[in-house]
Amino acid sequence: MAEHKNNQSAAAYWRAMTALQRAYGRIETQAVFEIVGTEHRRSLQRYISNLLMMRVIEPAGPDSRRAQAVRIINDGEAPPLRVRPEEVKLQQPLWATMRNLGHFSVAELAVSASTDVVHVPPVVTNRYVVGLWAAGYLVPIKSRQVGPMYYRLLPAKNTGPRAPLLVPDGCFDLNDMKWRKPLAKGGRT
Amino acid sequence: MTETLTQHKRPEGAFERPGSLAPLKNVAAMMGLVHRLTDRGAHMPGFGVMHGYSGYGKTYAAIFAQNKKRGPRVEVGDSWTKKTLVTAILREIGVREPKGTIAELTEQVVGRLAEPNHPPLIIDEADKLVDKGMIELVREIQEGSQVPLILIGEELLPQKLMRIERVHNRVLDWVTAQPCDIDDTMKLIRLFCPQLAVSDGLAERLRRGSEGRARRIVVNCSRLAEFARLKGLSSLDESTYQGDFYTGNPPSRKAVAYG
């Protein structure tokens, strides 16, 4: 229910932002506040901050630090309202590693995506792999009865360099700016 | 085939262990190459080359460098043309739908890669660039942008590049990927079988069975871990491990006949 409300808010904010960009070539954040209502100020500020972090928008003003004006880099569906920035940062090396390895186990992916500076915990790796499997990006491959499950990234789902975002109610692909809803729990054929 | 999410459960005992591929010798060699290129003087060449036999861990090294530097990486395909190459590079550096002639696309690539402190561009399967006559285009991109550019390819890549003097002269350094030695093998065993004590003798057998190829060693580590789990063992040596190793060879006629 809360996620549904979040998605509605995100859609409203994004609609206002895309309309302003089409009309003026840039988005004055103050104008967005006025369109969606000042009661949304805090939520909208967080949304804009997340979009900047995810490089969905970029500053478009002389004072880029304050981001009073922004510009959409890639248009598309409304990105999610709520993301966990720490997890988003770990999803990027996981996605880059998946694209390079082709097929992998969770353990191999976690180790390969980690560096001496950024450690990608296997728990986060597993959550991301299962989420992308549920969203149709990965297929499991298993040649033996025992041993770890191996996965393969489907070539058609290798959509680009940016890691698809896993959020509680689905998967948002930052490459084509589209939502991919996960398949219902209980199975896929 | 019907699958459920419950099948994709967390593997037992494989979680919360730290570690990365950083200590492997080929990864360290690749990072040395990256640092020499990024720290080079203004008039120094901007190409670096890593070459070696298939399976020696060049891909692991490239992944590590990419994740560490957050740079773009492309893998040249057999069917690629010049246009595919520049389009692929543009996509990797954030252009959603590259459009234009090869000259226009190349100009865009150069413009974007020329940004100050741009991370290195890694091109894997670079042999194909030479075979298909695309290496001069890559030289043009590197010269125009001055971005550190790392070519990764098979063992004959240096000989192939030698034939193209204008590129060969612009290589700052060459790194030859080496097969995993016993030290690398033990590090991989500790990474992938953290709760298992493996004797030096068995580790050496594993290394030889895997021909020192990093990815085969990783597959065989999971075989050791699975064997130990099924037998309830916390340590393995040559006498206790009765399983075989994945060698990459096709099954023998006998194995096919008797399963």
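**Chat: helix packing, sheets and a cavity**

User: How do α9 and α10 of chain B pack, and at what angle?

Analyst: Helix α9 (residues 182-192) and helix α10 (residues 200-209) of chain B pack at about 105°, with their axes 10 Å apart. α9(B) and α10(B) are therefore roughly perpendicular to each other, the label for 65 to 115 degrees; under 35 degrees counts as roughly parallel, over 145 as roughly antiparallel and the rest as oblique. Axes are lines fitted to C-alpha atoms, for helices over the stretch in contact, and angles run from 0 to 180 degrees between N-to-C directions. This is a predicted model, where local features need pLDDT of at least 70 and side-chain atom pairs count only at pLDDT 80 or more, while totals for chains, interfaces and linings use all residues. Residues are numbered from 1 along each chain as its sequence is written, chains are lettered from A and ligands numbered from 1 in the order in which they are written, and side-chain values use heavy atoms, with hydrogens and water left out.

User: Which residues make that contact?

Analyst: From α9(B), Ile182(B), Thr185(B), Met186(B) and Ile189(B); from α10(B), Asp200(B), Ala203(B), Glu204(B), Leu206(B) and Arg207(B). Contact here means heavy atoms within 4.5 Å. They divide into five nonpolar, one polar and three charged. Ala, Val, Leu, Ile, Met, Phe, Trp, Tyr, Cys and Pro count as nonpolar, Asp, Glu, Lys and Arg as charged, and the others, Gly among them, as polar.

User: Switching to sheets: what's the strand order in the five-stranded one in chain B?

Analyst: β2-β3-β4-β1-β5, an open sheet with parallel pairing. Helices (H or I, at least four residues) and strands (E, at least two) are DSSP runs numbered from the N terminus, and two strands pair if DSSP finds at least two bridges between them. The edges are β2 (73-75) and β5 (171-176) of chain B, each pairing on one side only. Twist averages 15° from one strand to the next.

User: And which helix packs on it?

Analyst: α6 (residues 135-145) of chain B, touching β1, β3 (121-124) and β4 of chain B, with its direction at about 155° to that of β4(B). Strands β1 (residues 47-51) and β4 (residues 149-153) of chain B pair in the parallel sense over five bridges; in β4(B), Ile152(B) is the bridge partner of Met50(B).

User: What about the β7-β8-β9 sheet in chain A, parallel or antiparallel?

Analyst: Antiparallel, and it's an open sheet of three strands. β7 (165-167) and β9 (178-180) of chain A each have a single partner strand, so one side of each lacks a neighbour in the sheet.

User: How many cavities of 30 Å³ or more?

Analyst: Three. A cavity is a set of points, on a 1 Å grid over the protein atoms alone, where a 1.4 Å probe fits but cannot get out; lining residues have an atom within 4 Å of a point.

Note on methods: 1 Å grid on protein atoms, 1.4 Å probe; cavity = no way out; pocket = protein on both sides within 12 Å on 5 of 7 lines; lining within 4 Å. Points joined across faces, edges and corners; volume = space filled by probe spheres on them.
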